[in-house]
Amino acid sequence: SGLMPMWNRLRLSACAYEHTVRALRAGAWPRGLHAITATSVASNTFHSLRTGAMKGLCADGSGCNAFLHLGLVETPQTDPQFWSIAQTFRMVRDCGVEDVVHTVLWSMVQGNSEFASNGISATLLTRVQTLGWHVDRMMLADDFGPFSLFDIAIDELVWRMQWAWLKVVAAKVHHRPGLKDLQCIDPVKTRLWLQKLSPSDRACYRKILNGAHITQDGKHYCQEVAEDTCPYCACSDSRFHRFWQCDAFTDCRNSVDHDLWVALPQLPECVVSYGWSLR
């Protein structure tokens, strides 16, 4: 609750967008999530923090998805829940005893109820399972196989977390038709390309990536409308229409390679209509 005034200050700040994002990771989350490494909080708490962060970033428009923006458009450490999981793993690696931690986790997944449901071990297990990982005796296991939370290099651990977080975000936005294949994208490559744009183009492109309603067909999600006609022609408006079909933007498509036109019907909508790089 102490973070509530911070969102308005960030929103009114004259700092560049990148500095505001850095303020979330370096200021907001350490302050608002103090002692989160040993504490379980409700999913609504993280939802509230995401909502406030989006407001502080001036990215809270209609259709903008906080999971997408904070967890994939920006590095996942910008998301409060991912940040909390990372801090928990770091604390366990620094302070825990490997044999004790893994033995307790294995005992808990076997149904042992001797341990406190709100204790540090239960919190760790919840966050391991949030990433879709499971406990395999003295190891954790993910898509790439078993590993020890204590022996793995921190860079590899973070990389595995980011890989898992993509699937977490994809599951959260799967109900949106254009984002149902989000697990196929490459967020790192997308972010690298995004940095090559001018500041004004980056601001526009972030709205394309995070699901903002930028075409007429999205208006019925936030207001009552009778039609979805494109403002530039007489056709029904959509992201795909605006980017690939609308005659008003033919000049913008002159440099598109022939191979891309051929592949277009087979590409996921999250690539052709939302601008994410394909893995």
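Does Cys270 count as buried or exposed, and at what relative accessibility? In this predicted model, Cys270 counts as buried, at 1% relative accessibility, whereas Cys184 is partly exposed, with a relative accessible area of 26%. The structure holds zero disulfides.

Helix 10 spans residues 199-209, and its buried residues are Arg202, Tyr205, Arg206, Ile208 and Leu209. Viewed down the helix axis, these buried residues fall within an arc of 155°, so they line one face of helix 10. An α-helix has 3.6 residues a turn, so residues three or four places apart point the same way. The buried residues of helix 10 pack against helix 2 (17-32) and helix 4 (66-73), as well as against helix 9 (187-194) and helix 11 (239-245). Just after helix 10, Gly211 takes a positive phi of about 90°.

Tyr205 of helix 10 is also among the residues nearest the centre of the largest pocket, together with Trp193, Trp244, Val271 and Gly275. This pocket contains about 890 Å³ of space and is lined by 28 residues. Two or more lining residues come from each of helix 9, helix 10, helix 11 and helix 13 (269-272). By class, the lining comprises 19 nonpolar, four polar and five charged residues.

Definitions and conventions:
Residues are numbered from 1 along each chain as its sequence is written. This is a predicted model: local features need pLDDT of at least 70, side-chain atom pairs count only at pLDDT 80 or more; totals for chains, interfaces and linings use all residues. Side-chain values use heavy atoms; hydrogens and water are left out. Buried means under 20% relative accessible area, exposed over 50%, partly exposed in between (1.4 Å probe, protein chains only). Helices (H or I, at least four residues) and strands (E, at least two) are DSSP runs, numbered from the N terminus. The arc is that of the directions from the helix axis to the C-beta atoms. Contact means heavy atoms within 4.5 Å. On a 1 Å grid over the protein atoms alone, a cavity is a set of points where a 1.4 Å probe fits but cannot get out, and a pocket is an open set with protein on both sides within 12 Å along at least five of seven lines; lining residues have an atom within 4 Å of a point. Grid points are joined across faces, edges and corners, and a volume is the space filled by probe spheres set on the points. Ala, Val, Leu, Ile, Met, Phe, Trp, Tyr, Cys and Pro count as nonpolar, Asp, Glu, Lys and Arg as charged, and the others, Gly among them, as polar. A disulfide is a pair of cysteine sulfur atoms within 2.5 Å.
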